[in-house]
Amino acid sequence: MRFMTAAAIGLLAASTFLAPAAAPAQTPRDTVVMAKAIDDIISLDPAEAFEFSGVEAVANIYDKLINVDPKDPNKLVPELAESWSVAADGVTFTFRIRSGAKFHSGNPLTAHDAAYSLQRAVTINKSPGFILTQFGLNKDNAAQRIRATDDATLVVEVGKPFAPTFFYYCLTAAVASVVDSKVVKANEKDGDWGNAWLKQNSAGSGAYSLRTWRANEQYALEANPNWMKGAPKNRRVVVRHVPEPASQRLQLEKGDIDFARNLSKDQIAAVRNDPNIVVESSRKGYILYLGLNQRNQNLARPEVREALKWLVDYEGLEKNLLDGVYVQHQSFLPQGFPGAIEDKPYRLDVAKAKELLAKAGLPNGFSVTMDVRTTAPIADVAQALQATWAQAGIRLELLPGDGRQTLTKYRARNHDIFIGSWGPDYFDPHTNAQTFGMNEDNGDNAASKTLAWRNAWNIPEMTKAISGAVLERDPAKRVATYEATQREHQKVSPFVIMFQQIEVAARRRNANGFALGIMSDMNSFAAITKN
Amino acid sequence: MNLARTTRLLGREVAAVAVTFLGLLLVTFFIGRVVPIDPVLAAVGDRAPAEVYERVKVELGLHLPLHEQFWIYLRKVAAGDLGQSVLTSNPVLVDIGRVFPATLELATLGTIIGVSLGVPAGVLAAVHRGTWIDQAVRVVGLFGFSVPVFWLGLVGLLVFYRVLGVVGGPGRLGVAFDDIVDPITGVILLDAALRGEWEVFRNAFSHLILPASVLGYFSLAYVSRMTRSFMLEQLRQEYVTTARVKGLPERRVVWRHALGNAMVPLITVIALSYANLLEGSVLTETVFAWPGLGRYITNSLLNADMNAVLGGTLVVGAVFIGLNMLADILYRLVDPRAR
């Protein structure tokens with residue numbers, strides 16, 4: 001009994017000791033606190049970061065030469081470059097760097113830094129490196145083709161007369177951020193261009209500098225009072241890794257965080273009723289689709305491909321499973337991209353699908369498997385499809401797996417059907433056109449393994465049309481090519497494109513000004529205020 | 001003579017530990033290589049072009065035959081280098097130096113809670129066998145066995161954090177208390193106390209107490225069941241009857257004599273349950289956004305980040321072996337026959 005009494009007294013003492021410590025559940029006025037799953041961050045080096053969260057952080061630390069107008073994504077706006085032009089030869093681009101910009105270190109930002117940054121990204125050529133190397137730049141010619149002719153002039157010579165808009169849009173990607181060459185050079189090790197150091201530190205000129213970074217735990221940003229666009233409206237941003245959405249919700253309701261970034265559909269619905277919480281949303285570039293492997297004899301029949309497009313209850317899924325997090329979308333360019341189309345030719349029509357299956361010689365349907373990662377809402381959508389397809393006699397077996405596991409199988413072309421999402425790599429129509437519509441070599445050892453390749457879809461003609469579009473110098477004609485290709489793609493492709501993602505950020509009512517864009521690198525913290 | 005024997009025994013012990021570690025590494029290594037996950041993906045992501053993919057594959061040494069990869073890894077470990085984690089870009093040792101103290105803090109307080117409540121509860125249940133007290137302890141224990149930790153954690157947060165507001169939320173510290181205390185040991189409570197930062201200490205404690213109680217509850221469920229059965233065993237022994245006949249107060253008979261003897265097997269039980277918690281509790285760590293060892297290993301495994309997984313496995317192995325040794329020593333102290 002004595003033990004019990006002692007324990008009870010102990011607990012009581014502990015709770016009185018605790019009470020005042022836990023009471024002030026308010027975040028500091030000048031600090032913005034976000035809860036987000038940030039375990040996808042591999043690197044904070046702008047030449048290497050390529051995941052959602054990493055790119056978002058990089059975009060708030062570094063500046064680029066030019067950027068997309070957040071109000072009109074079809075328009076380019078100056079950032080570090082105050083003007084730019086292309087010579088008559090179509091390959092020589094000149095950028096005039098604005099004067100007076102400074103890095104966080106206090107070093108002045110010049111064209112030499114810009115040249116160094118692009119050379120660096122091309123030379124170390126990490127995951128996003130191809131966004132620049134696709135213009136014929138590589139580690140051997142970088143020094144000669146990317147150069148600063150004086151402190152204010154950057155010249156880049158690309159390999160072919162590409163569509164100028166294509167090159168400009170690629171320069172808005174995080175990989176083309178400008179780094180402080182003096183600081184990075186000082187932290188170089190074994191010719192790594194400072195990569196090891198820059199993974200975990202920052203050397204930029206953007207709205208914030210990186211204050212702390214602990215993988216799988218949190219990162220903190222410190223406002224840059226000398227930012228070229230004016231000091232951010234808050235002093236510090238802390239992004240904490242909170243993997244469990246339910247925990248994020250509790251923290252937001254309690255007021256311990258200002259933003260919850262990963263709430264599920266049900267949680268969003270629940271917090272909408274809280275007067276202290278506002279839900280913001282914005283269309284993201286991510287597309288939810290099915291990939292039908294053309295090595296499967298049944299899926300290779302054109303009628304079967306079409307039938308499956310009639311066998312999706314687009315409306316029902318949106319309403320019942322995806323409300324507020326996905327919207328219907330049936331073409332490979334996400335809404336908000338240059339060249340995107342609104343056409344939605346398909347709806348649920350079981351009779352039509354049956355007809356098509358009969359035409360394909362499969363009046364009784366067939367059996368097929370689908371690799372499904374076991375996360376919401378993908379797993380739920382897959383189950384709904386299973387039920388719908390059964391009505392047409394298609395026996396769908398779901399093979400659950402972890403994200404990396406299903407992806408490994410998909411990349412090796414060992415799937416029948418893959419359900420997943422795809423996001424654009426950079427803000428230009430070519431990114432999705434290329435992956436969904438180009439397959440230069442359908443062999444197992446192809447150099448370019450696009451999504452079309454992963455599904456073994458052999459399409460020499462569409463490949464040619466799309467590779468022509470990147471050389472089209474007339475922007476209007478270029479857009480027309482993408483529109484036409486998408487309409488053809490909708491008809492014949494082995495991709496059942498179903499939905500476009502909506503990014504949702506729930507916030508405390510007093511935390512205003514977070515800008516969400518279609519790409520992760522358009523998400524900006526600088527205007528967030530708390531009152 | 002005696003010295004030679006001690007040396008021989010010690011040598012045997014060391015050899016046994018070495019073989020255990022080797023086996024542990026071997027199994028983990030090959031499991032990691034047979035799981036159908038591509039480790040290069042963790043390093044470069046899904047969208048890397050083929051050339052980058054191939055280059056990184058070579059950089060990671062994954063193009064070599066399996067046995068060669070293992071041999072290279074072993075040589076590095078022998079030199080004290082656990083390699084680098086692909087996911088965090090840190091040396092694995094640095095990562096573990098950060099996540100292990102977080103788990104240690106949680107598991108230690110969890111075990112203290114579990115033992116300080118579980119042992120008395122088990123004793124009471126045994127003494128009052130068949131009464132409502134026994135039933136109550138049983139129900140509490142059963143609940144602990146059957147309720148998912150995930151659910152218990154979320155409900156705990158809802159009640160004590162959201163509604164009552166008596167504890168801190170997910171995470172190890174409130175934002176305002178971040179980066180005040182320079183780490184010495186990595187165990188925030190200890191560091192804050194050593195530096196005399198009592199505000200930080202209180203905040204850290206308020207964040208720690210709920211997840212520790214959740215873990216402690218599971219430990220309590222187990223420890224109380226085991227204590228009860230060990231006590232029943234002891235209470236049947238003749239020496240207990242003798243003590244009672246001699247007129248010793250019942251309290252002394254139960255808490256000193258019977259529990260003293262039940263302590264011997266109980267030490268092993270407690271050590272094992274502590275070791276279990278030290279492995280890291282993935283679900284608890286997820287709900288409470290606790291950057292601990294369990295989540296580190298699991299996340300690494302799901303991304304086939306094998307250096308991190310192997311490093312984590314070594315730590316877990318060391319914890320088990322260490323606690324076993326500790327239990328042996330305690331055992332000898334408590335039980336005169338084992339001396």
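First, the ground rules. Residues are numbered from 1 along each chain as its sequence is written, while chains are lettered from A and ligands numbered from 1 in the order in which they are written. Because this is a predicted model, local features need pLDDT of at least 70, side-chain atom pairs count only at pLDDT 80 or more, and totals for chains, interfaces and linings use all residues.

Now confidence. pLDDT is the predictor's confidence in each residue, from 0 to 100. Chain B has a mean pLDDT of 87. In chain B, 98% of residues reach 70 or more. Helix 5 of chain B has the highest confidence, at 93, and helix 2 of chain B the lowest, at a mean of 79. For the complex, the predictor gives an ipTM of 0.84 and a pTM of 0.87. Helices (H or I, at least four residues) and strands (E, at least two) are DSSP runs, numbered from the N terminus.

On to chain A. Two domains here: domain 1 covers 40-202 and domain 2 covers 284-502. Those bounds come from an automatic or database domain assignment. The C-alpha centres of the two domains are 33 Å apart. How many residues of domain 1 of chain A are in contact with domain 2 of chain A? The count is 16, and they meet 13 residues of domain 2 of chain A. Contact means that the C-beta atoms, placed from the backbone, lie within 7 Å. Helix 6 of chain A, residues 164-170, gives the most to the domain 1 side, with 5 residues. By class, that side has 11 nonpolar, 4 polar and 1 charged residues. Ala, Val, Leu, Ile, Met, Phe, Trp, Tyr, Cys and Pro count as nonpolar, Asp, Glu, Lys and Arg as charged, and the others, Gly among them, as polar.

Next, a sheet in chain A. It is open, with 4 strands in the order 4-5-7-6, paired antiparallel. Strands pair if DSSP finds at least two bridges between them. Strand 4 (81-86) and strand 6 (146-150) of chain A stand at the edges with a single partner strand each, so one side of each lacks a neighbour in the sheet. Neighbouring strands are turned by 20° against each other on average, direction ignored. Axes are lines fitted to C-alpha atoms, for helices over the stretch in contact, and angles run from 0 to 180 degrees between N-to-C directions. Strand 4 of chain A joins strand 5 of chain A, residues 92-97, over 5 bridges. There, S83(A) stands opposite R96(A). Helix 3 of chain A, residues 111-124, packs on the sheet and touches strands 5, 6 and 7 of chain A.

Chain B also has two domains, 2-78 and 92-338. Between them, 13 residues of domain 1 of chain B contact 10 of domain 2 of chain B. Helix 1 of chain B supplies the largest share of the domain 1 side, 8 residues.

Finally, the two chains together. Here 47 residues of chain B contact 54 residues of chain A. The chain B side divides into 27 nonpolar, 14 polar and 6 charged residues.

One helix pair to look at. Helix 9 of chain A, residues 245-254, packs against helix 7 of chain B at about 10°, with axes 10 Å apart. The two helices are therefore roughly parallel, a label for angles under 35 degrees. L250(A) and Y161(B) are among the residues making this contact.

Terms used. Contact = placed C-beta atoms within 7 Å. Parallel < 35°, antiparallel > 145°, perpendicular 65-115°, else oblique.
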